[in-house]
Amino acid sequence: MNLNIAVLAGDGIGPEVIEQAIKVVDAVCAKFNHEIHYTPGLTGAAAIDAVGNPYPDETHEICMAADAVLFGAIGHPRFDNDPSAKVRPEQGLLAMRKKLGLYANIRPTLVFPSLLHKSPLRTDLIENADFVCIRELTGGIYFGEKGRNEARDKAWDVCEYTKEEVERIIRLAYQYAMARKKKLTIVDKANVLETSRLWREVGQSLEKEFPEVTTEYLFVDAAAMRIIQWPEGFDVMVTENMFGDILTDEASVISGSMGLMPSASIGLHTSVFEPIHGSYPQAAGKNIANPLGTVLSAAMMFEYAFKLYDEAAAIRKVVDQSLEEGYVTVDIAGTAPSYSTTQVGDWLASRI
Ligand code: IPM
Ligand code: MN
């Protein structure tokens, strides 16, 4: 196959982890005889510095023309500590999501047998945990009107959803549930929020289209608790943008390292594959960042964007091996010997 991939490395550790994912993707393409072509695009703080825009039109065109986007991370402390900054790197990520119509963010919670002991949670609570969170990605409070009054002593962020937006994401979640253990948890705050009541209404109206799926509704505060207390109780979880942001960070703790968690964002145009961790500026340039979340995102890319399942499986297999053999970065190794970002990348590529 001919694969055209846009590569948006972004900020912080983004370029380092992307470099390792590319080594692995190259190795997979060599093994399975695919022709691969990468087109780099500027985004985040790097793009602000170069052209004053965190998601330049040129980058958008590169993404639109590609078969898939491999994305690193976005964010820079220079902006985090400056609430008055007019342009922020994160706006690039949000603009990309909106312009590519990426309404669904698929975040699996993976548990690796060789890492069970690294989790802050007891092994018996998590060993069979296997759920996927489907986060709505182009609506809600992230994209509603924001503002300040004239005196700038009052601020607001509006949370809005249309029935169509909710229906499209819940229907997708039902399709995932059908292909899995047929259980769907719809997470909201319907005891307080009107948008959540719309979510619940839409959920109830879709239930009859998927009679084989058991539907459960859970308030977000209770969901936060249940993720820790009984993660094995979930199969597919669907929720609005900000609840999904928060709950998936929480869920990533189950596996023992956030650096391991991949994601796929899918929707109207080219799909984007990125680790769920951020730009981790403290580690940037130190060659210590864990590349596995990005490498596993590349596996999701083969699966979702190209329907190349053997290729995806080959990547997952070497990742499992690196965990089993302890060929890992310091976040996972702890006091055991650890390897650098590039060493892990080289090792994975050679094992492919
Ligand atoms: C994520 C990130 C982003 C989000 C930030 C960087 C804007 O936390 O992808 O989860 O909140 O969506
Ligand atoms: Mn997040």
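Predicted model: local features only at pLDDT ≥ 70, side-chain atom pairs only at ≥ 80, totals over all residues.
Local features were required to have pLDDT of at least 70 and side-chain atom pairs pLDDT 80 or more, whereas totals for chains, interfaces and linings use all residues. Residues are numbered from 1 along each chain as its sequence is written, chains are lettered from A and ligands numbered from 1 in the order in which they are written, and side-chain values use heavy atoms, without hydrogens and water.

Ligand 1 is surrounded by Glu 90, Leu 93, Arg 97, Arg 107, Arg 135, Tyr 142 and Asp 245, a residue being counted if one of its heavy atoms lies within 4 Å. Oxygen atoms of ligand 1 lie 3.0 Å from a polar side-chain atom of Arg 107, 2.8 Å from one of Arg 135 and 2.9 Å from a side-chain N or O atom of Asp 245. On its own, ligand 1 has 320 Å² of accessible area (Shrake-Rupley method, 1.4 Å probe), of which the protein covers 78%.

Glu 240 occupies the loop between β10 (236–239) and α10 (241–252); strands (E, at least two residues) and helices (H or I, at least four) are DSSP runs numbered from the N terminus. Glu 240 is buried but has no salt bridge, and the nearest side chain of opposite charge, that of Arg 135, is 7.6 Å away. Buried denotes under 20% relative accessible area, exposed over 50% and partly exposed the range in between (1.4 Å probe, protein chains only). For charge, Lys and Arg count as positive and Asp and Glu as negative, with His and the chain ends not counted. A polar side-chain atom of Glu 240 lies 2.9 Å from the backbone nitrogen of Met 242.

The structure holds 18 salt bridges, each defined by a side-chain nitrogen of Lys or Arg within 4 Å of a carboxyl oxygen of Asp or Glu. Asp 57 and Lys 99 form one of them, at 3.5 Å from N to O. This pair links helix α3 (residues 57–65) to helix α5 (residues 89–99), its members being 42 residues apart. Arg 180 and Asp 130 are paired at 3.4 Å. Arg 180 lies in the loop between α7 (163–179) and β8 (183–188) and Asp 130 in that between α6 (123–126) and β5 (131–136), so parts 50 residues apart in sequence are tied together.

Tyr 280, Ile 288 and Val 330 form a nonpolar surface patch with about 250 Å² of accessible area together. Tyr 280 is partly exposed, at 44% relative accessibility. Patch members have over 30% relative accessible area and no salt bridge; like charges are joined within 9 Å, and nonpolar side chains (Val, Leu, Ile, Met, Phe, Trp, Tyr) within 5 Å.

Notes
Polar contact = N/O pair within 3.5 Å; in protein donor to acceptor, adjacent residues only side chain to side chain.
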